[in-house]
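Subject: Structure handover

Hello,

Here is the structure you will be working with. Please open it first, then read the notes below it.

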Amino acid sequence: MSLEQWGWDSHFRNLYEPFRTQGLLPGRITSESRHIYEVLTEEKEYSCRVSGHYMYTAVNRSDYPTVGDWVLLRLSDDSAVIEKLLPRKSAFSRKRAGLETEEQVIAANADYIFLVFGLDGGRNFSRGALERFLTRSWDSGATPVIVLNKIDLCDDAQSYYIEAENISSGAAVHLTSAITGEGLESLRSYLQEGKTVAFTGFSGVGKSALINSLAGEEIMKTGEQRESDLKGRHTTTSKSLIRLESGAILIDSPGIKELQLWGSEESLESAFEDIAQLSASCRFGDCSHSGEPGCAVQEALSSGALDHNRFENYLDLQRELRFLERKQDARQALEEKVKWKKIAKLQKSLKQERKTYR
Ligand SMILES: Nc1nc2c(ncn2[C@@H]2O[C@H](COP(=O)(O)OP(=O)(O)OP(=O)(O)O)[C@@H](O)[C@H]2O)c(=O)[nH]1
Ligand SMILES: [Mg+2]
Ligand SMILES: [Zn+2]
């Protein structure tokens, strides 16, 4: 398959030109998991990591490749490493407040960003959220498109449409249902040959379901509709890129959490890709990087490859995260206690009742 079919164009060809003679091969990242990237090239797909030199020169998290990126590979025998990231045409990212360097790129080189909301009540649509998503999209360099999904569950879709249009500042608004198929035709005008469309939004709003409906087959796993709180669990856990028959390229991504960006150890790990990558070479799997022998993190600190401040930052966030987790555990324990108290009370009153009937 030709790279053009995956979005390679004159823009990237020009960026690649100086490296052509260095034996580097261009490819596009289709998925990433635990620092292993799937990279599609002209002839085949490679699973690879970034090179040592790449790690050494990467400063921020956003310097690491993500789904949608074009990278340059160095091949040896049958394996490959990522040597270089080609500058992005667009980058949709989220930033942790006050931490400019911890920008996390959710989708790279998208032409359109579909901002998906669910009109199924709850917090799946709000003015504030739409505004924030829009700001990020205009910053990204891609064109935002607002998709108000699940209209089959909403009596009042038209008023949401008007509200969204009022704050859209020029972005198109579409009403859809991934289940009934209503409104999907209006999205097809964006699905052009060689164009990349990234889907983003909260968890459970129907990003993967929309992709499946547009593809006409079950490509992405979708979650269960939860009636009770309408919050949605994270069903899609990693980003991935697929190509439709129309020639359009779609990026699915895990739902963005509005609060508590640092929800898990995993998110901390992916925020500090470099430290996570180093940890993989520590002698002990559970190395705490505080003086164990064969610690790759300590080694990088003393050679200067890893910045001391950055490592301090990492430790701070890890402490903060553990604190949040403990707090959550404590709350769960309390809820459990209250529940059992209620049950005991109920049993007692049932016993009393039986006594009075006797
Ligand atoms: N009624 C109705 N249900 C929908 C619609 N779109 C999606 N759903 C359901 O909503 C649930 C969540 O959909 P997903 O596609 O998994 O949501 P997602 O945005 O990919 O969620 P994450 O992967 O967690 O970020 C699934 O049970 C879907 O079947 C819709 O238009 N109408
Ligand atoms: Mg999904
Ligand atoms: Zn270590």
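A nitrogen atom of ligand 1 is placed 3.1 Å from an N or O atom in the side chain of Asn149, a polar contact (a pair of N or O atoms within 3.5 Å). The side chain of Ser203 has an N or O atom 2.5 Å from an oxygen atom of ligand 1. In Gly206 a backbone N or O atom is 3.0 Å from a ligand 1 oxygen atom. Ligand 1 exposes 650 Å² when taken alone, and the protein buries 92% of that (Shrake-Rupley method, 1.4 Å probe).

This is a predicted model, where local features need pLDDT of at least 70, side-chain atom pairs count only at pLDDT 80 or more, and totals for chains, interfaces and linings use all residues. Residues are numbered from 1 along each chain as its sequence is written, chains are lettered from A and ligands numbered from 1 in the order in which they are written, and side-chain values use heavy atoms, with hydrogens and water left out.

Around ligand 1 there are 25 residues, of which Asp152, Ser203, Gly223, Thr235 and Thr236 come nearest (near: a heavy atom within 4 Å). Helix 6 (residues 207–215) gives the most to this shell, with three residues (helices: DSSP runs of H or I, at least four residues; strands: E, at least two).

The largest nonpolar core has 77 residues; Ile82, Phe114, Phe117, Leu148 and Phe199 touch the most other members. Such a core joins buried nonpolar residues through side-chain atoms within 4.5 Å, buried being under 20% relative accessible area (1.4 Å probe, protein chains only). Strand 8 (residues 112–118) gives the most to this core, with six residues. Domain 1 (3–85) and domain 2 (91–252) both give residues to this core, so it lies between them.

Regards

Methods
A polar contact is a pair of N or O atoms within 3.5 Å; within protein, one must be able to donate a hydrogen and the other to accept it, and residues adjacent in sequence count only if both atoms are side-chain atoms. Buried means under 20% relative accessible area, exposed over 50%, partly exposed in between (1.4 Å probe, protein chains only). Domain bounds come from an automatic or database domain assignment.
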